[in-house]
Amino acid sequence: MTVGIHARRPRTHVTGAASAAVRPVLEAPRSPARVLAVFPAGVYLEVRTELEPSVLAVITGAATRLPNSVLLAAELPRVTVGDEAAVGDGSIELGRLSVRARRWWDPAPPLGRVDPVRLRQAAPRLTPGEPGLAGNDAIELLAAGCASGRLLGAVTAAERLVGLGPGLTPSGDDVLAGLLVTLRHLGAAAGAERAVWLADWLAATVTYDARTRTTPISATLLHCAARGEASPEVIAVLRGIAGRQELEPAQRQLRRLGHTSGSDLLQGISIGLDTVLAMTQAPSPPQSLPHVPAMTDAPDPARALSVTG
Amino acid sequence: MTRDAVLLRKGVYHDSVTLMRVSRSLSDLPGMRVAIVAMATELNLALARDLGFDLPPADPGDLLVALRGDSVDTATGELDHALARLSASRTQTAADQPPLTTLSAARSPADLVLVSVPGEHAFCEALDAVHAGLPVMIFSDGVPVDQERRLKLLAEERDVLVMGPDCGTAVIAGVGLGFANVLRPGPIGLVAASGTGAQQVTCLLDQAGAGVSHVLGVGGRDLSAEVGGLSAMRALRMLDDDPATELIVLVSKRPDPAVARAVQEVVETLGTPVVSALLGERDLTAAAEEALRALGRPVPAWESWPGWSPTSAYTKLKGVYSGGTLCAEASLIAGAGEFTDYGDDAYTRGRAHPMIDPTLRLEALAQVEPGDVILMDVVLGHGADPDPAASLASAVAHATHHGATVVVALIGTEGDPQGLHRQAAAFREAGAAVFTSNAQAARHARNLL
Amino acid sequence: MTLLSGPPHVITVGAGLLQESLDAQAVPTTAVAWRPPLPGTADALARVLADPRLPAANERAVGRLTSARPQLVGVRRASEVLDLPERMFLHAGPPIEWERASGPMRGALIGAMLLEEYARDVPAAEEQLAAGRVRLEPCHRHATVGPMAGVVSPSMWMLEVRDAEHGGTAYCSLNEGLGKVLRYGAYGPEVLERLQWMDRVLGPVLSAAIELGGPIDLRAMIAQALQMGDELHNRNRAATSLFLRELAPWVVEAAAGSAAEVLRFVNGNDHFFLNAAMAAGKVSTDAARNVPGSSMVVAMARNGTDFGVQVSGLGDRWFTGPAGVPDGLYLGAYGPADANPDIGDSTITETSGLGGFAMAASPAIVRFVGGEVADAVAATRSMYEITLAEHPAYQIPGLGFRGTPVGIDVTLVARTGVLPVVNTGIAGRVAGTGQVGAGLVKPPVAAFTAALLALADNRK
């Protein structure tokens with residue numbers, strides 16, 4: 001059993017930076033973890049915990065700062081898929097390394113107030129490129145449901161999209177992540193409370209059974225997105241839309257992520273932006289909404305499901 | 001035995017530099033007096049003739065080898081070897097050449113320059129940053145005030161922030177620069193003319209779970225009449241514009257009155273509320289509490305480990321500090337006593353800051369007398385002593401054994417490399433009363449008298 | 001204001017402790033390899049850098065230097081175009097008198113005495129020169145540059161180069177070839193015979209050819225030659241070839257009878273273009289002179305005894321230090337003991353972003369700098385540390401067509417302690433010897449610190 005051997009080997013103490021999203025997992029009592037995937041610039045660790053993110057990305061400088069990541073100030077240790085690790089009590093024990101955070105970054109930095117006029121100007125400038133699910137009717141349904149404020153359509157479409165598509169982060173999940181983050185941040189920034197409200201419902205829907213419906217890493221990223229947490233590339237596009245930085249370079253950077261991940265995220269952002277705009281135009285809930293009680297706190301996922309059912 | 005040898009190689013071409021190099025390597029062989037390896041141009045043939053070599057007819061395309069010495073055969077043998085070796089193309093990538101000036105470094109993308117060269121040289125590097133349109137933090141002290149003024153006036157033109165000189169602490173989006181603590185991200189931003197003052201406020205906010213967006217240091221002289229608060233006013237506007245910052249805390253010694261008015265005018269234009277922590281008006285702990293209340297957050301009981309109540313009567317209060325603002329704050333609160341700031345320029349000439357090098361404070365602790373109340377700060381975080389308790393705790397224990405009592409203001413966070421609780425435990429075990437609020441530590445010490 | 005939008009990339013300069021703490025936080029950094037400035041320059045640096053005129057002045061100076069468009073417009077006699085009366089010679093480098101002149105400088109002056117027939121023989125020439133019967137002035141004072149000894153006498157033919165951008169004009173003599181030549185201080189009969197042929201045939205033919213076919217765009221030709229492996233100081237093979245190709249038809253048209261011997265002469269001398277490159281450098285750097293407050297070097301030149309620099313903001317003042325002996329490779333059996341200290345105005349190439357500064361463009365001669373292409377690349381790269389700009393037209397293919405480093409700033413020399421890399425030929429120390437090698441030379445620190453201190457004095 002490898003655990004015993006690992007425990008006896010002297011560990012190299014290294015430091016790094018971490019997304020504030022992983023702080024609760026890192027500071028919880030120590031839990032066992034195992035290596036889920038290994039890439040040249042990062043290692044995914046699945047932690048036995050009820051907290052989210054339950055999958056951590058241990059990365060080096062070259063990798064995207066996913067909202068569940070811990071950035072090492074050292075080389076990655078040599079590990080293989082299935083290796084045992086441990087996370088908690090302030091550190092990550094991975095291979096020969098014991099990692100502690102010396103810096104925290106905010107994966108959900110607020111955008112401040114944004115004039116909806118600015119958002120309207122930015123909307124036609126969003127160019128998602130070639131998303132993996134272009135033309136898929138679930139995407140159409142999601143866009144239409146969100147823009148018209150019909151919760152039933154949006155939630156139904158979201159359910160169909162979870163885990164849809166190939167790869168470590170299926171396209172459907174990326175679109176949903178882009179949408180969720182956008183609704184949360186731009187909704188708050190533009191004062192579109194209904195967009196934030198919609199984000200609560202969608203978040204509850206997609207995170208309810210994400211762990212069983214998609215890959216563990218994608219499920220974790222959906223949990224992060226549900227809270228508005230994203231990589232700096234996504235945040236940069238939102239800042240671009242809000243007029244806080246150049247939009248074009250930010251879009252280019254984002255589109256470069258993964259195979260279609262960047263474009264999928266952008267597609268989600270685009271749907272989210274249209275939704276926020278529709279909801280700032282029509283501040284009161286339209287008549288066609290299904291009858292749901294007005295809520296300010298995150299809704300009970302079971303109730304969200306009963307609505308869709 | 002010295003002899004001449006002349007060889008002609010047809011159709012062998014090498015450039016003249018390669019050949020000069022071969023010539024040199026052959027003439028360096030023991031016993032060789034002359035070695036000419038060159039293309040047989042008129043010029044080179046004439047050179048060889050001048051040296052007395054007897055030459056056969058040759059074309060400029062021939063390789064001429066003229067050797068004189070007592071190891072001519074060895075030299076001939078070396079020739080081909082040398083030619084092959086020297087003309088071999090070796091593809092090498094240039095070793096990385098680091099930039100030698102800030103000017104050069106700023107040609108590649110960057111967001112901030114951190115200058116910590118000796119004060120007399122800091123101006124040049126900081127100026128490069130400002131010219132390049134980059135914000136700069138000048139950690140260096142000993143920069144003349146006219147240079148500071150010049151830098152900050154230029155920074156106004158270039159629309160960049162100059163933090164410092166003598167700016168010990170800054171935090172930008174979680175990145176700790178200089179002496180700074182590991183802080184959780186949050187809604188409170190600081191503008192600080194005092195490094196340790198900023199550390200006290202941010203550590204308390206972190207303890208309260210509130211978190212910090214940025215700490216913009218401006219340097220201890222910024223709010224003086226000469227500098228006019230240029231950086232403080234700019235930093236206030238920057239934080240006002242920052243969406244992550246919901247509340248600003250301004251930490252400073254009491255500013256020049258005219259500067260204070262100018263700063264107040266800027267504060268009134270901001271959309272973000274500002275809580276000021278001006279030394280002598282409101283202590284740092286009270287400022288942190290005020291900031292929490294302004295955001296509607298609960299104010300916790302600041303962690304402390306006062307220890308047992310002393311029975312003996314203490315007679316004299318001695319402040320043994322490393323942080324200037326902390327020292328001044330404690331002195332004001334205590335009202336009496338003998339306070340020394342070992343971080344002052346007078347004590348740091350030719351030695352590291354007491355936050356790194358404990359020597360002077362260890363000496364001070366070794367000289368305590370029965371009846372003394374020792375009030376001291378221990379500052380944790382980036383850049384500070386990796387384990388201050390390792391050296392100071394035994395000195396504290398020594399002092400308590402000799403009839404003194406020690407009160408420690410421990411400035412840090414649990415996330416700091418040294419670990420707040422680990423350090424607190426060590427000082428507690430050594431017999432000290434430990435407070436995370438300097439103001440509370442000072443009151444406790446005062447009340448022991 | 002983007003500082004606060006996320007974790008910054010930090011340039012660190014100074015204490016290692018602060019760098020380490022950023023490393024521990026996994027913060028991206030660029031560490032400056034800082035070292036204290038040259039001794040005695042700290043105050044002057046602070047004063048000069050505080051001059052509010054400095055950035056704009058240097059931008060203007062280097063802008064004029066790099067925007068100059070040198071064109072070869074004519075070949076004319078020195079006596080016609082220069083203020084060069086009878087019994088006056090120009091020479092390379094800062095001012096010098098006979099007593100302090102080195103062997104090759106003396107040899108070239110003697111040769112010029114004989115060429116102009118001011119003296120019948122060598123002893124008579126020496127006697128007149130020693131008695132001060134001939135006036136000596138630096139080429140640089142007369143919009144002229146001369147390679148090695150750089151002696152210009154009234155009858156010599158000069159390349160005339162005009163700056164089509166700013167309108168200046170500069171001159172340089174015709175290149176005599178390699179081996180025993182006047183510019184290396186040789187004055188034997190074969191030297192004088194060649195000069196007389198140049199006077200009789202080469203000059204008039206080139207003059208007529210340029211008249212027909214000129215002007216020739218030197219900026220374009222230099223740019224092209226850099227991409228063909230020249231650095232335009234120690235290697236001019238590509239440029240000479242390009243020049244010959246451009247010139248040949250006009251030479252034939254101008255003087256069919258002498259064309260073959262003229263073309264053969266030019267073809268036989270890989271350095272023929274050097275003199276054109278020097279005049280191009282001179283006209284470009286002259287465009288950058290006299291910008292008040294500028295700390296940019298507009299001339300580096302050596303007379304075989306002193307190495308001197310001139311700075312844009314300091315007019316025509318020379319700042320000098322002792323000329324060093326080049327470190328290089330030697331012809332034949334010559335060695336370092338035979339070498340004269342550094343000599344010539346050809347450092348105008350380095351001053352204008354060529355020569356040693358463009359070493360990375362010239363793999364063929366990298367062995368001068370230590371043998372490897374990497375050393376040449378390192379030499380050029382290190383020059384970016386002391387220059388103000390990258391040349392917009394002169395580019396180095398091996399560095400991704402990055403412009404050559406151009407516009408030496410004395411403040412950067414003082415701050416980094418990095419001295420300009422100078423490629424050079426090596427003259428024999430005994431008058432009459434000629435060239436003994438080629439290599440690299442280090443300029444004296446004193447020349448640059450003196451210039452910096454003078455700039456600081458100007459600020460008082």
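Reader: Why does Asn290(C) count as partly exposed?
Author: This is a predicted model, and in it Asn290(C) has 13 C-beta neighbours inside 10 Å. Buried would need 20 or more, and exposed would need 12 or fewer. The value of 13 falls in between, so Asn290(C) counts as partly exposed.

Reader: What makes Ala26(C) buried?
Author: Ala26(C) has 24 other C-beta atoms within 10 Å. The cut-off for buried is 20 or more, so Ala26(C) is buried. Ala26(C) also has a positive phi, near 55 degrees, and its place is the loop between helix H1 (16–24) and strand S2 (29–31) of chain C.

Reader: Why is helix H5 of chain C said to be largely enclosed by the rest of the structure?
Author: H5(C) has 13 residues and 13 of the 13 are buried, so the rest of the structure largely encloses this helix.

Reader: How do you know that the length of H5(C) agrees with its number of residues?
Author: The expected span is 1.5 Å times one less than the number of residues. For the 13 residues of H5(C), 103–115, that gives 18 Å, and the end C-alpha atoms are 18 Å apart, so the two agree. Just after this helix, Glu117(C) takes a positive phi of about 60 degrees.

Reader: Which residues make the contact of H7(B) with H11(B)?
Author: H7(B) gives Thr196(B), Gly197(B) and Gln200(B), while H11(B) gives Gly324(B), Thr325(B) and Leu326(B). They divide into one nonpolar, five polar and no charged. Gly is counted among the polar residues.

Reader: What makes S13 and S15 of chain B edge strands?
Author: Six strands of chain B form an open sheet, in the order S13-S18-S17-S16-S14-S15, with mixed pairing. Strand S13 (304–305) and strand S15 (338–341) each pair on one side only, and these are the edge strands. S13(B) is joined to S18(B), residues 433–435, by two bridges, and the two run antiparallel. Trp305(B) has Val434(B) as its bridge partner.

Reader: Which helix touches S13, S14, S16, S17 and S18 of this sheet?
Author: Helix H16 of chain B, residues 438–448, packs on the sheet through those strands, and its direction makes about 170 degrees with that of S17(B). H11(B) lies across S14, S15, S16 and S17 of chain B, at about 165 degrees to S14(B).

Reader: Why is S3 of chain A called mostly covered?
Author: Five of the six residues of S3(A), residues 42–47, are buried. S3(A) pairs with S2(A), residues 31–39, over six bridges in the antiparallel sense. S2(A) and S3(A) form a hairpin with two residues between them, and Ala33(A) stands opposite Val47(A). Five bridges join S3(A) to strand S4 of chain A, residues 55–59, also antiparallel. There, Gly42(A) stands opposite Ile59(A).

Reader: How many residues of chain B and of chain C take part in their contact?
Author: Chain B gives 60 residues and chain C gives 56. The largest share of the chain B side, seven residues, comes from helix H5 (residues 119–131) of chain B. The chain B side divides into 31 nonpolar, 19 polar and ten charged residues.

Reader: How do you know that S4 of chain B pairs with S1 of chain C?
Author: A pair of strands needs at least two bridges. Five bridges join S4(B), residues 112–116, to S1(C), residues 10–14, and the strands run parallel. Leu112(B) stands opposite Val10(C).

Reader: Which peptide bonds at Pro165(B) and Pro215(C) are cis?
Author: One joins Gly164(B) and Pro165(B), with omega about 10 degrees. Another joins Gly214(C) and Pro215(C), with omega about -10 degrees.

Technical notes: Residues numbered from 1 in each chain as written. Chains lettered and ligands numbered in written order. Predicted model: local features only at pLDDT ≥ 70, side-chain atom pairs only at ≥ 80, totals over all residues. Contact = placed C-beta atoms within 7 Å. Helix = DSSP H or I, 4+ residues; strand = E, 2+ residues; numbered from the N terminus. Axes fitted to C-alpha atoms, helices over the stretch in contact; angles between N-to-C directions.
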